[in-house]
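Reader: I would like to learn how to read a protein model step by step, from the whole chain down to a single side chain. Could you take me through one?

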Amino acid sequence: MFRRILVANRGEIACRVIQTARRLGVETVAVYSEADARAMHVRMADAAYCIGSAASSDSYLRGERVLQVAADSGAEAIHPGYGFLSENADFADAVAAAGLSFIGPPGSSMRAMGSKDAAKRLMEAAGVPLLPGYHGEDQAYETLSAEADKCGLADGHPVLLKAVLGGGGKGMRIVRSQGELLAAIESAQREAAASFGDARLLVERYLDSARHIEVQVFCDSLGGAVHLFERDCSVQRRHQKVLEEAPAPGVSPELRESLGAAAVRAARAVDYVGAGTVEFIADASAPDHFYFMEMNTRLQVEHPVTEMITGLDLVEWQLRVAAGEPLPLSQPELSLSGHSIEARIYAERPGANFFPASGTLRHLATPPEEGVTVAPAEVRASTDGLATRVDMGFVRGDDVSVFYDPMVAKLIVRGPDRAAACRRLHAALGQWQTVGLPTNVSFCRRVLETPQFLAGEVHTAFIPQHHDALFPPTPPPPPHLMALAAACWVAEMQPPAAHAVHAGHAAAAAAAAAC
């Protein structure tokens, strides 16, 4: 095992890695931007180094500075977390060239999976199911148009244009008719070129009612490979996940085995090492028909739900595999018990198309953590295994910056079954308190209140389909609160000399009007 590692990230994932490292007796080194000088991960680490100004491009994305800190601090390995440098193949190679261990896959595996068109060709050769589509080099409009027709556009079926590189919904367009195609191609190419430096697109058949089902895989450097079952991440906004759960609703043992086997084949096809996630899209009405989307060559945001149903610490597995150890368990030794759901807590305004927010957390109160993640199968499957976990990257008084992703925390629960997990998460969200900036907490509660979600009828169009239930009209404040607010405003507007006299009159008048 390593003596000291550097965590090349921030926020809750940096704190998460530090917690496991501390439990294993491994020292940690944090890096931070000037905006994060007082951040939670900086306070938790054994040592911390500033690597630049607030912008990610001048701090967390500067691989050469991270490597210099690793050398100066005596770190033996670098954990990239997710985002930033986590899927940068050149950085992974540079870490290895510096004589350090990269806690993730080799750069060659990232390159193989980083380009969606090349990855699909590899998956086709490995026998992994693919959606009908085009992932060739010819990017002429005539070619893309002809291929879109082959995918069903000529028959009235929608198609999806997708950037060859990157993710997060950038360079992605849904096309429902030939008349929309040219503008959609040009728009997607511009966005892909601006975001990823590559304007190439691939074309796929688009499933209007689809499930996003992904499989957690783990491989060691000795040839071992396992899957840790599946997760459902179908409830999304702007192509980004909101609620994730494991296991996926309605997945039979036979389908689970098929998904896991396909995911392991995908990982082996690129000589994978470490934690990875193979993402599939499935027909919501017939999930047995599933197709490869892409592979995320890192630890996922939603990994805690897998930890909850397997009773394992995936960050510990990452450290052990990167240190050259074999996988701690074989496939027959892995077990799935209980049900877990995670809500991502964002600083955002759901009613304004989920526009991100920033500001100071004036007050923050979270539900109490109960139970433990690592628990035997018989406990996870019973009421003794009820658990509530909060993965935080902020505390009261911290600033949520405009420079980074607005996720404040992750709230994860486990119950013996899905119904119990839904009830527990709904109750825990009701205990969440934030003052200083808006969050999506109430929105997540409303999702959990819909009969369709409770029945497991989840799909990628869930939010727009249930828009009226999820975005009810906001009632006006009660008259007495409006009157008190007016009184406060009047008091604030008074000149300092007259403030004490007139404020009392204004408050009295407002109170009388409210009665």
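This is a predicted model: local features need pLDDT of at least 70, side-chain atom pairs count only at pLDDT 80 or more; totals for chains, interfaces and linings use all residues.

Reader: How many helices and strands does the protein have, and how does the radius of gyration compare with the globule rule?

Author: There are 19 helices and 23 strands in the protein. Its radius of gyration is 25 Å, close to the 24 Å that the globule rule gives for 515 residues, so the protein is as compact as a globular protein of that length. Along the principal axes, the C-alpha trace spans about 80 × 60 × 50 Å.

Reader: What share of the residues counts as buried, and what share of the contacts joins residues at least 24 apart?

Author: Of the 515 residues, 53% count as buried, while 67% of the contacts between residues at least 6 apart in sequence join residues at least 24 apart. The accessible surface comes to about 21,000 Å², and 55% of that surface belongs to carbon and sulfur atoms.

Reader: Turning to sheets, in what order do the strands of the four-stranded open sheet lie, and is the pairing parallel or antiparallel?

Author: In general, strands of a sheet pair through backbone hydrogen bonds, either parallel or antiparallel. Here four strands form an open sheet in the order E6-E9-E7-E8, and the pairing is antiparallel. Strand E6 (133–134) and strand E8 (172–175) are the edge strands, each of them pairing on one side only. Strand E7 (residues 159–163) and strand E9 (residues 201–205) pair over five bridges, and Leu 160 has Glu 204 in E9 as its bridge partner.

Reader: How many residues of helix H10 are buried, and what follows H10?

Author: Helix H10 (residues 303–310) is mostly covered, with eight of its eight residues buried; among them are His 303, Glu 307 and Met 308. After H10 comes Gly 311, whose phi is positive, near 70°.

Reader: To finish with one side chain, is Leu 448 buried or exposed, and which residues does Leu 448 touch?

Author: The cut-off for buried is under 20% relative accessible area, and Leu 448, at 3% relative accessibility, therefore counts as buried. Leu 448 is found in helix H14 (residues 441–449). Not counting residues up to four places away in sequence, Leu 448 touches Cys 422, Leu 425, His 426, Leu 429, Phe 453 and Leu 454. Between Leu 448 and Ala 428, which are 20 residues apart in sequence, the C-alpha to C-alpha distance is 12 Å.

Terms used: Residues are numbered from 1 along each chain as its sequence is written. Side-chain values use heavy atoms; hydrogens and water are left out. Helices (H or I, at least four residues) and strands (E, at least two) are DSSP runs, numbered from the N terminus. The radius of gyration is taken over C-alpha atoms; the globule rule is 2.2 Å times the number of residues to the power 0.38. Buried means under 20% relative accessible area, exposed over 50%, partly exposed in between (1.4 Å probe, protein chains only). Contact means heavy atoms within 4.5 Å. Accessible areas come from the Shrake-Rupley method with a 1.4 Å probe; for residues, only the protein chains shown count as cover. Two strands pair if DSSP finds at least two bridges between them.
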